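This report describes selected features of one structure, shown below.

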Amino acid sequence: MTAPEFLDSDEEQFSASLRTRVQDETPDLTSILAGATRDGERRRFRRRIAASLAAAACVGLGGTLALVIPTSSDGPSGDQDVTSGVEDRTTVEAHGEVLLLRQDNKPIALVGGTVEQKFQVLQEISPANDATPLGLSGDPEGVAQLQDLFPEIADWNGAGLIVAEKVVTPPQGLRDKAPVSVDLEGWSCQWFPVDDKGACTGPNGVAAGVVWRPRSDRASFLDKQGVVEGETVPMLGGEGIVTSDTTIVGPVRKGIFVTVQPGQGTTPELLAALAGDLSWAR
Amino acid sequence: MSTEDDFASFVHGTGAQLYRAALLLTGDHHQAEDLTQATFAKVFVSWRRVRRADNPVAYTRTILMNTFLSSKRLRRSSELTIDVGPDDVPVPGIDPDARLDLLDALAALRPDDRLVLVARYWEDRSVAETAHLLGISETAVRTRARRALARIRPHFTDTVTEGTPS
């Protein structure tokens with residue numbers, strides 16, 4: 001953060017008023033810490049599942065396979081699970097489109113699509129230390145088939161199986177690292193995967209934003225921004241559509257699309273160059 | 001110190017200031033706690049990376065702001081060309097002569113205008129940083145700040161001399 005800029009008297013008074021108003025406000029930090037840890041564990045667990053699925057997808061799901069994935073990984077820097085303090089490992093076993101994840105040989109999650117279209121598995125995963133039963137939907141034969149494949153899930157955390165009403169599949173592209181990268185001379189980007197965005201700085205300090213969003217938002221995004229008829233630029237292996245405020249809206253891939261947005265000092269040409277240099281991350 | 005203790009220490013060391021920013025943004029204690037908790041949950045997920053950052057507190061504040069933006073679904077609107085209105089437009093639904101608690105006056109502003117004020121005058125972010133955060137131009141930041149201040153000025157001018165409102 002840079003040094004504060006000079007404020008006029010109104011601004012200084014307002015700044016002082018803000019500080020005065022909240023200086024005695026004290027939150028319940030114990031409760032916040034407990035809630036944040038609980039929610040954070042849940043988020044980490046889901047990311048672990050997503051990483052496992054991605055790794056399994058790379059190998060292929062045509063038969064039974066087992067992958068060992070360090071569960072301490074949380075993005076490029078490899079964060080360690082703050083709650084465990086040790087590097088545990090998750091084993092992923094795939095049957096067709098269904099994955100069973102084990103941690104220390106204990107089943108912790110079942111994810112995936114269908115076994116002969118007879119059942120579906122909830123994407124909502126129960127953490128290992130959570131007694132919430134796994135959700136399934138489908139006919140009894142399909143569920144029985146699943147239990148044949150993975151006998152240990154019959155008594156999941158002692159709670160058995162429940163029937164799910166809905167399957168929610170998060171876009172593959174929304175993971176814990178930036179789905180794109182930039183290698184353009186004069187530009188550098190700071191990525192905030194947790195917020196699905198990056199802040200880029202270009203020549204002479206110009207700024208631009210890169211945001212990735214679910215594909216389901218694309219039509220409404222374009223509609224809201226207003227498209228400039230006939231104006232497109234090459235972007236991410238497809239065409240980037242230029243909107244009325246010079247934002248460039250990229251093509252869809254793996255359930256997401258990327259936008260490149262103008263910031264301080266950018267020109268349409270600089271934005272087009274940045275958009276054209278974006279590449280999908282591996 | 002274990003990683004867990006390290007995170008807990010960070011929450012206890014920074015939580016109060018973060019919560020105060022959240023309170024200014026949301027105007028409500030429960031929402032502020034929720035926003036603070038959601039922010040720390042995101043930090044928890046990436047704690048190793050966050051604590052290695054040059055300034056973990058600044059990083060966390062940015063997450064708070066972004067989380068607030070996301071919760072208000074401002075991302076898209078903040079990327080649109082700013083519609084700047086006249087400075088003398090009164091805060092909607094507020095008697096211009098009424099003396100208000102500053103939180104209530106802030107809450108009457110548009111969330112994105114509120115965020116500009118909090119970023120500029122609570123967090124002491126520069127115009128450029130605030131513009132970067134919101135994805136708008138520096139001119140838009142200055143205009144929004146001036147307009148928002150003009151709108152709520154009648155409600156806060158005495159708070160410094162009068163002390164903290166009850």
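## A hairpin and its strands

In chain A, strands S14(A) and S15(A) form a hairpin with two residues between the strands, and A:Lys254 has a positive phi near 50° there. Helices (H or I, at least four residues) and strands (E, at least two) are DSSP runs, numbered from the N terminus. This is a predicted model, in which local features need pLDDT of at least 70 and side-chain atom pairs count only at pLDDT 80 or more, while totals for chains, interfaces and linings use all residues. Residues are numbered from 1 along each chain as its sequence is written, chains are lettered from A and ligands numbered from 1 in the order in which they are written, and side-chain values use heavy atoms, with hydrogens and water left out.

S14(A) covers residues 248-253 and runs antiparallel to S15(A), with four bridges joining them; two strands pair if DSSP finds at least two bridges between them. Opposite A:Phe257 of S15(A) stands A:Val252. Strand S11 (residues 207-214) of chain A also pairs with S15(A), in the antiparallel sense and over seven bridges. One of its residues, A:Val211, has A:Thr259 as bridge partner. Of the seven residues of S15(A), 256-262, six are buried (under 20% relative accessible area; exposed is over 50%, partly exposed in between; 1.4 Å probe, protein chains only).

## Nonpolar cores

A nonpolar core is a set of buried Ala, Val, Leu, Ile, Met, Phe, Trp, Tyr and Cys residues joined through side-chain atoms within 4.5 Å. The largest has 58 residues, and A:Phe14, B:Leu106 and B:Leu117 have the most contacts inside it. Helix H1 (residues 3-26) of chain B contributes the most, with eleven residues. A second, separate core has 21 residues, including A:Trp187 and A:Val260.

Beyond its neighbours within four places in sequence, B:Leu117 is in contact with several residues, among them A:Phe14, A:Leu18, B:Trp122 and B:Ile152; contact means heavy atoms within 4.5 Å.

## A buried glycine

A:Gly40 lies in helix H2 (residues 29-59) of chain A. Its relative accessibility is 0%, so A:Gly40 counts as buried. Leaving out residues up to four places away in sequence, A:Gly40 touches B:Ala41, B:Phe44 and B:Val45.

## Two packed helices

In chain B, helices H7 (residues 111-122) and H8 (residues 127-134) pack at an angle of about 140°, with axes 9 Å apart. Axes are lines fitted to C-alpha atoms, for helices over the stretch in contact, and angles run from 0 to 180 degrees between N-to-C directions. Residues making the contact include B:Leu115 and B:Ala119 of H7(B), and B:Thr130 and B:Leu133 of H8(B).
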